[in-house]
Amino acid sequence: MTAPPALSELLARSAALHGHLCPRQILGVRMALLAGERLGLDFPRTDKRVLVFVETDGCFADGVSVGSGCWLGRRTLRLIDHGKVAATFVDTRSGQAVRASPQTDLRARARAARREGQKRYQAYLDAYQSWPAEALFDTVPVALALDLAALLSSAGKRAVCDVCAEEIVNERELQRGGQTLCRGCAGDAYVRPPAGREPAPPPEPVGAEG
Ligand SMILES: [Zn+2]
Ligand SMILES: [Zn+2]
């Protein structure tokens, strides 16, 4: 068995990927390692056993990926954009899940621990690297309020939208009035034609076929 990578190595990996080392990245790496301990699993992982929900994007999310081995591209990381430096780590085999977040007074404590003349940013960097994980985070066991099986879907599932003809994978299609629709065509679009451009021809009204 190879030993798990040391924190310093993970931080170096994260910094190389991210372009710099910043406090939130450190929080991400260390939060992931603590969650792995709580779940009794080796982190970072290379399999797909763990699914992570990060509650914000940005530097923190990169740290979580490096620390957990869970990535958007591996379908083991999902963004729940609540604007919080927090994440939930789910063992998809046991169903066990733990949510971790920085202790609410963490920044204040890190500032209070500043050395004379030390900048806040450096104080955060130091504290987040050197303090024990138990002094950084709260962790609580949680149950998922969403359908994990539906979220994960299964490999190879494909459908075609009856309106735009684009392919839909992972069972993200909707059935409406006998039609198979992508979410955009079903009204949940996040893009539209730019102002001043001819609008796209309206899609066939749902259920008006035949
Ligand atoms: Zn950063
Ligand atoms: Zn469509």
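**A mixed sheet and its helices**

Five strands build an open sheet of mixed pairing, in the order E2-E1-E3-E4-E5. Strands E2 (77–79) and E5 (137–141) stand at its edges with a single partner strand each, so one side of each has no neighbour in the sheet. From one strand to the next, the twist averages 20°. Please keep in mind that this is a predicted model.

**Inside the sheet**
- Strand E3 (residues 87–91) and strand E4 (residues 97–102) run antiparallel and are joined by 4 bridges.

**Helix against helix**
- The axes of helix H1 (residues 7–18) and helix H2 (residues 23–39) come within 10 Å and cross at roughly 135°, so the two helices are oblique to each other.
- H1 passes H2 in a right-handed crossing.
- On the H1 side, the contact is made by Leu 10, Leu 11, Ser 14 and His 18, and on the H2 side by Gln 25, Ile 26 and Val 29.
- Of the residues in this contact of H1 with H2, 4 are nonpolar, 3 are polar and none is charged.

**Domains**
- The domain assignment gives the protein chain domain 1 (7–150) and domain 2 (153–210).
- The C-alpha centres of domain 1 and domain 2 lie 36 Å apart.

How values were computed. Residues numbered from 1 in each chain as written. Chains lettered and ligands numbered in written order. Predicted model: local features only at pLDDT ≥ 70, side-chain atom pairs only at ≥ 80, totals over all residues. Axes fitted to C-alpha atoms, helices over the stretch in contact; angles between N-to-C directions. Parallel < 35°, antiparallel > 145°, perpendicular 65-115°, else oblique. Left-handed = near helix turned anticlockwise from the far one by under 90°. Contact = placed C-beta atoms within 7 Å. Nonpolar A, V, L, I, M, F, W, Y, C, P; charged D, E, K, R; others polar. Domains from an automatic or database assignment. Pairing = 2+ DSSP bridges.
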